[in-house]
Amino acid sequence: MTNETETETTAAPPPTPTDAWRAALSSRKTEVANPGAVPAAAVSAVDDVSRRTFIRASFWSGLGLTLLGSVGTLVDYLYPRNVRGFGGPVPAGNVKDFAKGGEPKQFAEGQFWMANLDPAESRPGGSGGAEGLIALWRKCPHLGCTVPWISGFDYEGDKGWFRCPCHGSTYTKAGVRVFGPAPRSMDTMKIEIDGAGNITVQTGSITLGGPDNPKRATKI
Ligand code: FES
């Protein structure tokens, strides 16, 4: 009986599951990660950032180039080239073709009348004291009818006026409105004269008509 009791008191207790885990854990070797030893991890992070940057840069550059191309195409399409006739330069003969104070001449291609104003033509429908060439757009500023020069038209006892057939707006030889519903005088166009006296009218360069029309005459 005594031996059995001693044996019971000196025998080591069976290991518990917790002790077994502790022993297993303490036997494990845990290595501290060495960043230098795992370059792949570090490199992939850098790669990821640079890839994102690259994709973003590619996107914005592509978008920018597309927009630039579209704008360039539009500008190229709208840019006037070799415009002929109305809207561009139209030859209007030579200064010798226009007698001072003579009847205005029509240039259908450029849609204008050309007159050589004589400051001595002081009648109501005359030059308004101006001297030189003036190019008048034949389009009536009221509703756009073509305005003819009518040498026999009598307005208030004076003959020779621009007279619109649509609603009767009446203008002097310098294109100054004196009667009718037109909101302003006839519009004028830019005149260029070269050294040989050849005249070119820039029909795309139009100035709205006004009482100062006579002052726009180009002396020759
Ligand atoms: S369009 Fe010339 S007066 Fe009306």
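Student: Let's pick one residue. What does Met-114 touch, leaving out residues up to four places away in sequence?
Tutor: Met-114 touches Ala-92, Phe-98, Pro-104, Lys-105, Phe-107, Leu-133 and Ala-135. Keep in mind that this is a predicted model.

Student: Which residues have the most contacts inside the largest nonpolar core?
Tutor: They are Phe-112, Met-114, Leu-133, Ile-134, Ala-135, Leu-136 and Val-201, in a core of 30 residues. At least two core residues come from each of strand 1 (89-94), strand 3 (112-117), strand 4 (132-137), strand 6 (158-163), strand 9 (188-193) and strand 10 (198-207). In soluble globular proteins, nonpolar side chains tend to be buried together.

Student: Back to strand 3. How many of its six residues are buried?
Tutor: Six of the six are buried, so strand 3 is largely enclosed by the rest of the structure.

Student: And which way do the side chains of strand 3 point?
Tutor: Phe-112, Met-114 and Asn-116 point one way, while Trp-113, Ala-115 and Leu-117 point the other way; all are buried. In a regular strand the side chains alternate between the two faces of the sheet.

Student: What does strand 3 pair with, and over how many bridges?
Tutor: Strand 2 (residues 105-107) pairs with strand 3 in the antiparallel sense over three bridges. Strand 4 also pairs with strand 3 in the antiparallel sense, over six bridges. For individual partners, Gln-106 is bridged to Trp-113 in strand 3, and Phe-112 is bridged to Trp-137 in strand 4.

Student: What sits between strand 2 and strand 3?
Tutor: The two strands form a hairpin with four residues between them. Gln-111 is found in that loop and has a positive phi of about 60° although it is not a glycine.

Student: Is Gln-111 buried or partly exposed?
Tutor: Partly exposed, because it has 19 C-beta neighbours inside 10 Å, and the cut-off for buried is 20 or more.

Student: Which other residue has a positive phi although it is not a glycine?
Tutor: Glu-156 is one, with a positive phi of about 55°. Glu-156 lies in the loop between strand 5 and strand 6. With 10 C-beta neighbours inside 10 Å, Glu-156 counts as exposed.

Student: How many bridges join strand 5 and strand 6?
Tutor: Four bridges, in the antiparallel sense. Within this pairing, Trp-149 stands opposite Phe-162 in strand 6.

Student: What about Asp-154, is it buried or exposed?
Tutor: Asp-154, which lies in strand 5, is exposed because it has 11 other C-beta atoms within 10 Å. From C-alpha to C-alpha, Asp-154 is 9.7 Å from Gly-125, with 29 residues separating the two in sequence.

Student: Where is Pro-148?
Tutor: Pro-148 is in the loop between strand 4 and strand 5 (149-155). Pro-148 counts as partly exposed because it has 16 C-beta neighbours inside 10 Å.

Student: What does Pro-148 touch beyond four places in sequence?
Tutor: Pro-148 touches Arg-163 and Pro-165. The C-alpha atoms of Pro-148 and Phe-162 are 5.7 Å apart, and the two residues are 14 apart in sequence.

Student: Zooming out, what secondary structure does the chain have?
Tutor: The protein chain has three helices and ten strands. Along the sequence the pattern is α-α-α-β-β-β-β-β-β-β-β-β-β.

Student: How much of the chain is buried, and what share of contacts joins residues at least 24 apart?
Tutor: Buried residues make up 25% of the 220 residues. Among contacts between residues at least 6 apart in sequence, 55% join residues at least 24 apart.

Terms used:
Residues numbered from 1 in each chain as written. Predicted model: local features only at pLDDT ≥ 70, side-chain atom pairs only at ≥ 80, totals over all residues. Core = buried A, V, L, I, M, F, W, Y, C linked by C-beta atoms within 7 Å. Buried ≥ 20, exposed ≤ 12 C-beta atoms within 10 Å, placed from the backbone. Contact = placed C-beta atoms within 7 Å. Pairing = 2+ DSSP bridges.
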